[in-house]
Amino acid sequence: MNASRHLLDLDDADHAFIEALIARARQFKAGVPNESSRLRGRIVVGMFFEPSTRTTMSFAVAAQRLGATWLDFRAESSSLAKGESLEDTMRTIRALGADAVVVRHAEAGFPHLLARHFEGSVYNAGDGAHAHPTQGLLDAMTLAEEFGDLHGRRLVIAGDIRHSRVARSSAQAAAALGATVTLCGPPSLIPATAPGWGFAELATDLESVLPTADAVMLLRIQQERAAGDMPPPADLARSYGLTAARANALPAHAIIMHPGPVNRGLELDSALVHGARSRIERQVENGVYMRMACLERNLGAQTRTRVA
């Protein structure tokens with residue numbers, strides 16, 4: 001995973017780690033007395049170099065519900081735009097009193113680099129096509145709420161796997177809890193090998209894997225991370241979009257998930273977004289409680305030290 005004060009990926013996260021965070025998130029969801037005092041006095045800075053709605057807002061809501069102060073960092077109006085080094089920027093942020101930074105960046109590994117220059121906690125809110133750990137955790141929470149024990153359950157993640165940070169983190173988290181994970185997409189958009197992803201199989205035919213799925217999670221086409229090698233969206237929708245007809249092949253108990261934002265009519269038919277099988281809004285809701293659990297884990301007992 002990473003140093004205990006950070007949450008940078010789920011590479012080494014085990015069953016006990018994920019299960020403990022889910023249990024705490026569910027406690028927050030049920031209601032924790034005096035939750036607003038848990039992180040009173042802490043300062044959490046959001047550094048989003050890429051657009052975000054769900055992750056930014058849910059982290060901000062999570063911090064505020066725990067009593068922390070949330071501050072937005074705007075790179076375009078910061079001294080980074082004047083040539084200040086990342087090290088100096090992070091030392092300044094820490095000296096001003098920040099206890100944690102939540103960072104999203106287009107470059108894989110950027111949160112790890114940032115963590116080298118910051119004495120507080122760093123939370124990876126998505127780095128390139130590498131990792132999105134809190135998304136993986138909230139997806140695992142959503143599955144656990146639905147099915148309880150995930151042993152013997154099958155999660156199908158379908159679409160643009162190769163460019164998706166969500167695919168990696170959600171596969172890791174679900175597999176750590178015992179689920180079998182299938183990654184499904186066109187041959188050009190699934191990895192030939194993916195050590196550490198936690199999946200049991202690769203598939204290129206969506207219709208063949210739907211009848212045995214307990215949950216299917218569709219992924220957005222990642223045009224911003226593709227280098228001109230993306231199949232036409234219409235072709236992806238035709239072969240890998242979940243239509244109402246394809247959804248009929250799912251078992252009666254199966255659920256539909258999506259990390260958002262949804263491109264309606266491409267990866268998912270509009271009628272399915274808010275249909276009876278959909279757990280998309282629950283994923284968003286669970287994101288607040290999971291991020292509360294993650295913030296509390298690292299900041300609840302953190303003792304702030306002065307920067308020399």
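Tutor: The expected span of a helix is 1.5 Å times one less than its number of residues. Helices (H or I, at least four residues) and strands (E, at least two) are DSSP runs, numbered from the N terminus. This is a predicted model, where local features need pLDDT of at least 70, side-chain atom pairs count only at pLDDT 80 or more, and totals for chains, interfaces and linings use all residues. Residues are numbered from 1 along each chain as its sequence is written, and side-chain values use heavy atoms, with hydrogens and water left out.

Student: How do you know that the span of helix α6 agrees with the rule?

Tutor: Helix α6, residues 165-176, has 12 residues and should span 16 Å. Its end C-alpha atoms are 17 Å apart, which agrees.

Student: What makes α6 largely enclosed by the rest of the structure?

Tutor: Buried means under 20% relative accessible area, exposed over 50%, partly exposed in between (1.4 Å probe, protein chains only). In α6, 10 of the 12 residues are buried, so the helix is largely enclosed. Among them are Arg165, Val166 and Gln172.

Student: What follows just after α6?

Tutor: Gly178, with a positive phi of about 105 degrees.

Student: How do you know that the radius of gyration of the chain agrees with that of a compact globule?

Tutor: The radius is taken over C-alpha atoms, and the globule rule is 2.2 Å times the number of residues to the power 0.38. For 308 residues the rule gives a value near 19 Å; the chain has 19 Å, so the two agree.

Student: How many helices and strands does the chain have?

Tutor: The chain has 11 helices and 9 strands, and 55% of its 308 residues count as buried.
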